[in-house]
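Okay, thanks for coming, everyone. Let me put the model up and we'll walk through a few spots together.

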Amino acid sequence: MKTEIKWGILGTGFIARKMAEALAFVPNAKLYAIASRNLDTAQKFADEFAVVKAYGSYEELAADPEIDLVYIGTPHPFHFPNTMMCLEQGKGVLCEKPFAMNRMEVDLMVESARSKNLFLMEAFWTRFLPHFRFLETSLDSGKIGTITKIEADFGVKSTFDPDGRFFNKDLGGGALLDIGIYPCFLPYFILGQPDGIEATATIGETDVDISDDIIFHYPDGQVANLQCTFLEETPTEATILGSDGSFRLHHKWFLPTTITHTDCFGNEEHLSFPHLCNGYEYEAIEATECMLSGITESELMPHEFSQGLISLLDSIREIQGVNIN
């Protein structure tokens, strides 16, 4: 039985750096290797974070027999091929969201991991954050009664760059997959799949969605009003309304943040949730603990949930007339 999990990271961008910082706070985890498509870039990353190995290709890292678990922090369209490559090499995988570009790819990833008895989990870090775990427990206990409405947004004014990740179609650009996945995640997590969806998109000059307005309808009358946009800064908050009160997740609600609970009499309780590093440590802790225990599927982020979430994103894009391939 292993007592330490050796991690590799594919990619050296912003999110890979966040994971490298967080892994220093994860018990029984060692950041062992980093890979870039450029060896110099990988070596600089390795020097900064005291990583043992630096590779100039993703294939070399995947083939390293010392590595137990690979974190994939590459652009969206590469999640599927990178995950499949690592699984083929017998590695556990923690892959950034969106898990892949569509349900078909996610299904193939899950099928491969299960057939090889390997760990696979979508790196949806919000799911594991202390404030979100508190929200989950509170909703399950009926603290605000029957949920009636959910509102969530994520808007960031982005400078147009046709070659940048946000706007480049070849890099999986578009607001929905990049930032809209967060507002969609919240009602899906709380209420499940809606039975009705309204969705509109503003398509930019590079043929990707730059703003999305979405409404989920549920069988018992609940509604989720959701928005994501690259065109403006929005409050980026989330509110869950219930028959006996509400929860308000404050600015950048999907990051470590504060929550206000309001009861049915209007009394407010302001709650803070300290975290260890930058928030990414909690999903890394979950992945490490699963690997050490020989568990191939997280109970907190099971394959079925990721399959349902990407199906929801597929449905939204189909309604909008956006290609899901």
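Start with Thr296, which sits in the loop between helix H8 (281–293) and helix H9 (303–320); helices here are DSSP runs of H or I with at least four residues, strands are E runs of at least two, and both are numbered from the N terminus. Before going on, a word on what this is: a predicted model, where local features need pLDDT of at least 70, side-chain atom pairs count only at pLDDT 80 or more, and totals for chains, interfaces and linings use all residues. Residues are numbered from 1 along each chain as its sequence is written, and side-chain values use heavy atoms, with hydrogens and water left out.

Back to Thr296: it's partly exposed, at 25% relative accessible area (buried is under 20%, exposed over 50%, partly exposed in between, with a 1.4 Å probe and protein chains only). Which residues does Thr296 touch, leaving aside those up to four places away in sequence? They are Asn117, Leu118, Phe119, Leu120 and His303, where contact means heavy atoms within 4.5 Å. And Val93, 203 residues away from Thr296 in sequence, is 9.7 Å from it in space, C-alpha to C-alpha.

Now, aromatics. There are 20 aromatic pairs in the structure. The rule: rings of Phe, Tyr and Trp (its six-membered ring) pair if their centres lie within 6.5 Å, and planes under 30 degrees apart are stacked, over 60 edge-to-face, the rest tilted. Take Phe134 and Phe247: centres 6.1 Å apart, planes at 85°, so that's edge-to-face. Phe134 belongs to helix H6 (residues 130–140) and Phe247 to strand S12 (residues 245–249), so this pair ties together parts 113 residues apart in sequence. Phe247 is buried at 0% relative accessibility, while Phe134 is partly exposed at 24%.

Then there's Phe185 with Phe189, ring centres 5.7 Å apart and planes at 35°, so we call that one tilted. Both are in helix H7 (residues 175–191), 4 residues apart, or about one turn of the helix. Phe185 is buried, at 0%.

What makes the contact between H6 and H7? From H6 it's Phe132, Leu135, Glu136 and Leu139, and from H7 it's Phe185, Leu186, Phe189 and Ile190.
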